[in-house]
Amino acid sequence: MAGQRIRFNGIDAPESRQHCDDAKGFDYPCGRRAAQALDKFLAASQPLHCSFVDRDRYGRLVGNCDRADGRSVQRWLVEQGLALDWPLYSHGAYAGQQAKAEAAKLGLWAGTFQAPWVWRLAHADNRPLFNQPLGLINRHQVAQSGYSCEPRRTCSQISSCDEASWYLANCSWGRKLDRDKDGIACESQC
């Protein structure tokens, strides 16, 4: 198994190129931070033991993995807010851990982010994702509007109050458009 790429079964973590916003709205490399935390967690109790359930479309083994001390890697990642329960594959196996991490504002839950599976769709072939709900983790209902959170925009690049309001409500970076924090984005447009 040494040197073999493994996808953890039932969870999804941010991609290495993915950025999120922290509690203060500042951009940070959430994917790289999650990977660094995972490296430290794995190094604390080796070897890693995995039971494989499948191969994904990229040929990676998909498995349930535990450290030598018996701690579940997937459970730990979700508990720390470094990965999400991926219901499509987990059937809610880590939903309880995710709810606790969200309530405690751990890891990703301290700020705003796109679910990793949505982020990958938005960055496939570097094309923006149009006419699809974006799946943002910010509790706002996303309308099929034709707007996209990628690439990020500034007020000078926005042409209407409706567009500015959409970004404010639906994009992890949208609150940066509301400099005076009054709930109105790009006030020169409104």
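Trainee: Is E15 buried, partly exposed or exposed, and why?

Mentor: Read the relative accessible area. Under 20% is buried, over 50% is exposed, and partly exposed lies in between (1.4 Å probe, protein chains only). E15 counts as partly exposed because its relative accessibility is 28%.

Trainee: What should I know about the model itself?

Mentor: This is a predicted model: local features need pLDDT of at least 70, side-chain atom pairs count only at pLDDT 80 or more, and totals for chains, interfaces and linings use all residues. Residues are numbered from 1 along each chain as its sequence is written, and side-chain values use heavy atoms, with hydrogens and water left out.

Trainee: Which residue meets E15 in a salt bridge?

Mentor: First, the rule. A salt bridge is a side-chain nitrogen of Lys or Arg within 4 Å of a carboxyl oxygen of Asp or Glu. The side chain of E15 meets that of R120, at 2.7 Å from N to O. This pair links distant parts of the chain, 105 residues apart: E15 sits in the loop between strand 2 and strand 3, and R120 in helix 5. Helices (H or I, at least four residues) and strands (E, at least two) are DSSP runs, numbered from the N terminus.

Trainee: With which other residue does R120 form a salt bridge?

Mentor: With D12; their closest N and O atoms are 2.5 Å apart. Here 108 residues separate R120 in helix 5 (residues 116–123) from D12 in strand 2 (residues 11–12). D12 is buried, at 7% relative accessible area. R120 is partly exposed, at 27%.

Trainee: How many salt bridges does the rule give?

Mentor: Five. One of them joins R7 and D56, with closest N and O atoms 3.7 Å apart. R7 lies in strand 1, and D56 in the loop between strand 5 (49–55) and strand 6 (61–66). Both R7 and D56 are buried. R7, D56 and R60 form a linked network of salt bridges.

Trainee: Which residues of helix 1 are buried?

Mentor: They are C30, G31, A34, L38, F41 and L42. They sit on the same side of helix 1, because they cover an arc of only 105 degrees around the axis. That arc is taken from the directions from the helix axis to the C-beta atoms. The face turned away from the buried side carries the exposed residues D39 and K40.

Trainee: What do the buried residues of helix 1 pack against?

Mentor: Look for contact, meaning heavy atoms within 4.5 Å. The partners are strand 1 (6–8), strand 3 (20–21), strand 4 (27–28) and helix 2 (73–79).
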